[in-house]
Amino acid sequence: MELKKEIGNGIKNIIFDLGGVIIDIFPERSVEAFGKLCRGKVTLENIFPENESIFLEYELGNVSGDEFIEGIKKNYNCRDVDNQALSDAWCALIGDPDPVRFKLLEKIKKNYRTFVLSNTNVKHIERVHEVMEKSLPGKSFESYFEKCFYSQDMHLHKPDTEIYLQVISDTGIIPEETLFIDDRAGNFTGAKKAGLNTYHLTGREKITDLFL
């Protein structure tokens, strides 16, 4: 199974985003859940942080999970809310794995080196592991790829060019032979500066639509 030629001719490596590409996410679910718990308003901009905030610090791995929850309590006026309830609200956006997509990932590993690069955090990865165990028991999420790169571990964040250069350096891939797939066009700025080919997954399009 190979990429459609109009999407990636001469591609040998594929870097996938996680949320919205490999596993569907529903950020509005987290916004709604926080809305029921906090008197301060958590927005979609908080869910996808670009500016300095407790959310960005958590995705950069600069604060612990406990510090993250305490930051939410302080900044969004919900000090009286149970920690687990806030953690569940944060993880509410994670959808269930699509078995068809994971079957595809198993097949394309025969023809491509595959990786994940995600702006993410400990709690979201833990929830991914939980939903994977329920839906696709016996294999971890990471086992479907050669390597997964998470912002929390790298202390770097998309779309900064440095995070893509780090992936290139760690894997030895040639940028011109590599396709980066993401559902957020804003993440392509640094990827293109690093020399990667990019593909914007939009609308109802799935990664299964990109291969023959």
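Over the ring of which residue does the charged end of Arg184 sit? Select Arg184 and Phe48: the charged end of Arg184 sits over the ring of Phe48, 4.1 Å from its centre. The model on screen is predicted.

**Another charge over a ring**

Move to Arg29 and Phe26. Here the charged end of Arg29 sits over the Phe26 ring, at 3.9 Å from the ring centre.

**The sheet**

Show the strands next. Five of them form an open sheet, in the order S3-S2-S1-S4-S5, with parallel pairing. S3 (147-150) and S5 stand at the edges with a single partner strand each, so one side of each has no neighbour in the sheet. On average, and with direction ignored, neighbouring strands of the sheet are turned by 20 degrees against each other.

Zoom in on S1 (residues 13-16), which pairs with S2 in the parallel sense over four bridges. Within this pairing, select Phe16; opposite Phe16 stands Val116 in S2.

**Helix H6**

Select H6 and colour Arg101, Phe102, Leu104, Leu105 and Ile108, which are buried. Viewed down the axis of H6, the buried residues fall within an arc of 155 degrees, so they line one face of the helix. On the face turned away from that buried side are the exposed residues Val100 and Lys103. To see what covers the buried residues of H6, display S1, S2 and helix H7 (122-135), which are among the covering elements.

**Aromatic rings**

Together with Phe141, Tyr144 and Phe145, Phe16 and Phe102 form one aromatic cluster.

Across the whole structure, a search finds 13 aromatic pairs. One of them is Tyr112 with Phe211, an edge-to-face pair at 6.3 Å centre to centre with 75 degrees between the planes. Tyr112 lies in the loop between H6 (99-108) and S2 (113-118), and Phe211 in the segment after S5 (197-200), so the pair ties together parts that are 99 residues apart in sequence. Both residues, Tyr112 and Phe211, are buried.

Then select Phe180 and Phe188. Their ring centres are 5.8 Å apart and their planes at 85 degrees, so this pair is edge-to-face. Phe180 and Phe188 are both buried.

**Leu201**

Stay in the segment after S5, where Leu201 is found. Is Leu201 buried or exposed? Leu201 has a relative accessible area of 4%, so it is buried. With neighbours within four places in sequence left aside, the contacts of Leu201 are Gly20, Val21, Ile181, Asp182, Asp183, Lys206, Ile207 and Leu210. For a distance across the model, pick the C-alpha atoms of Leu201 and Val81: they are separated by 37 Å, and the residues are 120 apart along the chain.

**Backbone stops**

Go to the loop between helix H8 (151-154) and H9, where Pro159 has its place. A cis peptide bond joins Lys158 and Pro159, with omega about 15 degrees. His155 lies in the loop between H8 and H9 as well. His155 is not a glycine, yet has a positive phi of about 55 degrees; its relative accessible area is 45%, so His155 is partly exposed.

End at Asn77, in the loop between helix H4 (65-75) and helix H5 (83-91). Asn77 has a positive phi of about 55 degrees although it is not a glycine. With a relative accessibility of 41%, Asn77 counts as partly exposed.

Key:
Residues numbered from 1 in each chain as written. Predicted model: local features only at pLDDT ≥ 70, side-chain atom pairs only at ≥ 80, totals over all residues. Heavy atoms only, no water. Phe/Tyr/Trp six-rings, centres within 6.5 Å; stacked < 30°, edge-to-face > 60°. Helix = DSSP H or I, 4+ residues; strand = E, 2+ residues; numbered from the N terminus. Buried < 20%, exposed > 50% of the residue type's maximum accessible area, 1.4 Å probe, protein only. Lys NZ or Arg CZ within 6 Å of the ring centre and 35° of its normal. Pairing = 2+ DSSP bridges. Axes fitted to C-alpha atoms, helices over the stretch in contact; angles between N-to-C directions. Arc of directions from axis to C-beta. Contact = heavy atoms within 4.5 Å.
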